[in-house]
Amino acid sequence: MDNPGEQLEFLIMPDEMAFSQPLTVIEEPFTPKIMQELETIFHIKPEAPSGSVLLVDESNRLVNKTRFGEDVYISVDSKGNIVAVSNFYGRNPERKGFTPITTDLETFIQNLITYMAEKFEGYELVKNRYTFGNDYRELSWMKRYPNGLYNSYEGVNILVDVRRQTVSDYASFDCKPTAETPEITPEQVEEMIRSHAQDKAFMEKLGGMDGELVQDFDKIQDLKLEYHMPYEAWGKVPKGPDDCVYLTYTATVCNGRGFVCIDAVSGKVIDVYGMK
């Protein structure tokens, strides 16, 4: 197969950071092993590449994203792992280059589950359900840490085209958390949150400074530990330490109209959001 890096460069998705200038191409991203994985596990047999671009994805991985034919986009990272697939061949079975592989659906699903269990140690299957009617099957895995918490930013999402028994979309994320053990108590967190009651900028993020909101703000509910990345950072190329996945105490305030995330190690406010 020709080196995809020698093909025409193009921009793919508006929400990704793509580079128009030449960059060092990932060495032979589409190895025979990857092509076999696509065909036997994903039920995708793409044509020759028609375009390629290097980009940095949401997990700060340098990836080679290549277009095959007209409708298949496959991203491979510098370690030789498939990290994303957008496969639209399934929408048009007459599309040139689409090779359907017929088998029992449950066998196909189980093979996917078995393969992912071997590939992603420590990840747990948290979702296995039909979606969009019965046309697609949604499978999701998340990394589970010894503290019992799932990190949704270390996970894999797969959308299976049920009728054609092919992976329609595949996305993996690899944003590791900064901590596993809290260093402040829930009681300290509640005090920190209440201390912002007269903070105008803080309260405006929750939806305003009206008297009812301030009064309700004192009622802290559902304080829980979880992994959280600031909403302004997710979906963007990480640029610095503020784009990390934090171990946070997340509290519901204002009778369910607002949420506050506090770093469980430093006590720093990570996120404040709400609705009027």
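A residue is termed buried under 20% relative accessible area, exposed over 50%, and partly exposed in between, with a 1.4 Å probe and protein chains only. By this definition R129, at 43% relative accessibility, counts as partly exposed. The structure is a predicted model, in which local features need pLDDT of at least 70 and side-chain atom pairs count only at pLDDT 80 or more, while totals for chains, interfaces and linings use all residues. Residues are numbered from 1 along each chain as its sequence is written, and side-chain values use heavy atoms, with hydrogens and water left out.

**Salt bridges**

A salt bridge is defined as a side-chain nitrogen of Lys or Arg within 4 Å of a carboxyl oxygen of Asp or Glu.

| Pair | N to O distance |
|---|---|
| K119 and E37 | 2.9 Å |
| E106 and R137 | 3.2 Å |
| R129 and E138 | 3.0 Å |

The bridge between K119 and E37 links distant parts of the chain: K119 belongs to helix α2 (residues 105-119) and E37 to helix α1 (residues 32-40), 82 residues apart. Helices (H or I, at least four residues) and strands (E, at least two) are DSSP runs, numbered from the N terminus. K119 is partly exposed, with a relative accessible area of 27%, whereas E37 is buried at 9%.

E106 forms a salt bridge with R137, and this pair also links distant parts of the chain, with E106 in helix α2 and R137 in strand β7 (residues 136-144), 31 residues apart. E106 is partly exposed at 41%; R137 is buried at 7%. R137 also lies over the face of Y130, 4.8 Å from the ring centre, where a charge counts as over a ring if NZ of Lys or CZ of Arg is within 6 Å of the ring centre and within 35 degrees of the ring normal.

The partner of R129 is E138, which is buried with a relative accessible area of 19%. Salt bridges that share partners join K127, R129 and E138 into one network.

**Aromatic pairs**

Rings of Phe, Tyr and Trp (its six-membered ring) pair if their centres lie within 6.5 Å; planes under 30 degrees apart count as stacked, over 60 as edge-to-face and the rest as tilted. Six aromatic pairs are found in the whole structure. The rings of F120 and Y123 have centres 5.1 Å apart and planes at 50°, so this pair is tilted; both residues are buried. F259 and Y273 form a stacked pair, 5.4 Å centre to centre with 25° between the planes.
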